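Please open your viewer and have the selection panel ready. We will take a short walk, stop by stop.

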Amino acid sequence: MPISVLRGRLASGATRAVEVAEATIARVEARNDEVSAFAWFDADFARRQAAGIDAYRGRGGSLGPLHGLPVAIDDTIDTARIPTEAGFAPYKGHVPEHDSAIAERLRAAGALIAGKTATGELGIGTPRGSRRENDKGAGGFTEGAAIAVAEGMVPLAVGMGSDGAVVRSAAYGGVTGFTPSFGSISRRGVLDLAPSIDAPGVFAPTVTGVALLAEVLFGHDAADRASGPAAPHPRLLDHACSTPPVRPTLAFVRTPWWDRADDDMQAAFGELVSVLGESCFEAELPDIFADSAIFAERVALAETAKCLFGVRERHPEGLSEALTHALDRGEAISARDYLSAHDWRSVLYAGLEAVLSRCDAIITLAAIGPVGRGTTMEGETLFNTLWTFLGVPSVSLPLLQAADGSPMGVQLVGRRGEDGRLLRTARWLETHLSNGEELG
């Protein structure tokens, strides 16, 4: 059932947390062997949590916004007394002593921690074994958290990614994925890879779902240097559910890599822009944006090589050839090139601001193509890394389909700090296109 309905039934007592837990267990046991969404799942642990949540409600305890809702967590995010292995064989059996800030806030909100979802080796690259099949039998690899939501195992999930992995995985899985403005969600207790661009994100079936979950996770944390100011954070769910004061205006940005996109994706966006009509205008980014992928890669590789230096020293035999090569490249980047790449962020954001000042959000591709095609093409991250590099909020909506029925995501991008406005615009688009309304 829709998250809003399930949330209301749990709050009223019409549905108990133990019933939701049993439904989650049944779905995971039925599907996980095939799609490998979860790296760790314990049915008895889920049952004990649910029983505790119901007992708390029975004692008249104050209910949190996620009371009884199952939430899956990426395996690079620490969870006390639950294995956190980060897709890395030498970390097998590692159980953190303390919760991450993300896990703390989920528990405080009354969520049921459903399990740890599959991630790539040390949170990098493609999760091994995580697969999402479409109705035609074509498949491809994506993030376990997105698959868990797409397969109906859980209604909500939290993921990680410094290269736009949350938005891209949501597009492949046919769900909604949201990466907020950089620093909005604390990364305390999360595996460090590229601290200046790493960003947690959330998955749900709809915009209101990601707004609900993200709002719980937002907030200042002095332990995270990138954390936003100690001030009230936006009421994302209220923003998402509100009616725009005027019809939103979108700027269609092809980006410099448009020619690399799958033919189905290009054709679908042509139709979408036509449907949007006067609500959308086409905008071009300055020529320097063609080099933005190079700048983003330099920062990501250099910081990852630094953050994983100790891991490489202790477990050289545990690293794959691909990751070893990536770390070699990162170590070879000079301080001059790394700092120069950082300097370009302010220049690029100024160019982006010139477009965002004329619209409510940018509309563009969420992935290079449908799952099974985009995942095997060179430059898979091209349509995602720019936005993560600049720290702007972005959301993927499952509004398009390829000719073979594969889901394709529509990405909306907003200004830094205007997450509520972006989600309100996204829900407007989701609602009107889902209802088949003409927007032109």
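Predicted model: local features only at pLDDT ≥ 70, side-chain atom pairs only at ≥ 80, totals over all residues.

Residues are numbered from 1 along each chain as its sequence is written, and side-chain values use heavy atoms, with hydrogens and water left out.

**Stop 1: strand β2**

Select residues 70–74, which form β2. Helices (H or I, at least four residues) and strands (E, at least two) are DSSP runs, numbered from the N terminus. Five of the five residues in β2 are buried, where buried means under 20% relative accessible area, exposed over 50% and partly exposed in between (1.4 Å probe, protein chains only).

Look for Leu-112 of β3 opposite Pro-70. Follow the chain from β2 through α4 to β3, and you trace a right-handed β-α-β crossover. Right-handed here says that, with the strands pointing away from the viewer, the path from the first strand over the helix to the second runs clockwise.

Next, show β6 (residues 156–161), a parallel partner joined to β2 by three bridges. Here Leu-156 is the bridge partner of Val-71.

**Stop 2: the core**

Which residues have the most contacts inside the largest nonpolar core? Select Leu-66, Leu-106, Phe-269, Leu-352, Ile-363 and Leu-412, in a core of 97 residues. Helix α7 (residues 207–217) gives the largest share, eight residues. Such a core is a set of buried Ala, Val, Leu, Ile, Met, Phe, Trp, Tyr and Cys residues joined through side-chain atoms within 4.5 Å.

Centre on Leu-352: leaving aside neighbours within four places in sequence, its contacts (heavy atoms within 4.5 Å) are Leu-285, Phe-289, Ile-362, Trp-387, Leu-390 and Val-392.

**Stop 3: two loop residues**

Go to Arg-81, in the loop between β2 and α4 (101–108). Its phi is near 65°, positive in a residue other than glycine, and Arg-81 is exposed at 65% relative accessible area.

Finish at Thr-255, between β9 (250–253) and α9 (263–276). Thr-255 also has a positive phi, about 70°. Is Thr-255 buried or exposed? At 12% relative accessibility, Thr-255 counts as buried.

Note on methods:
Pairing = 2+ DSSP bridges.
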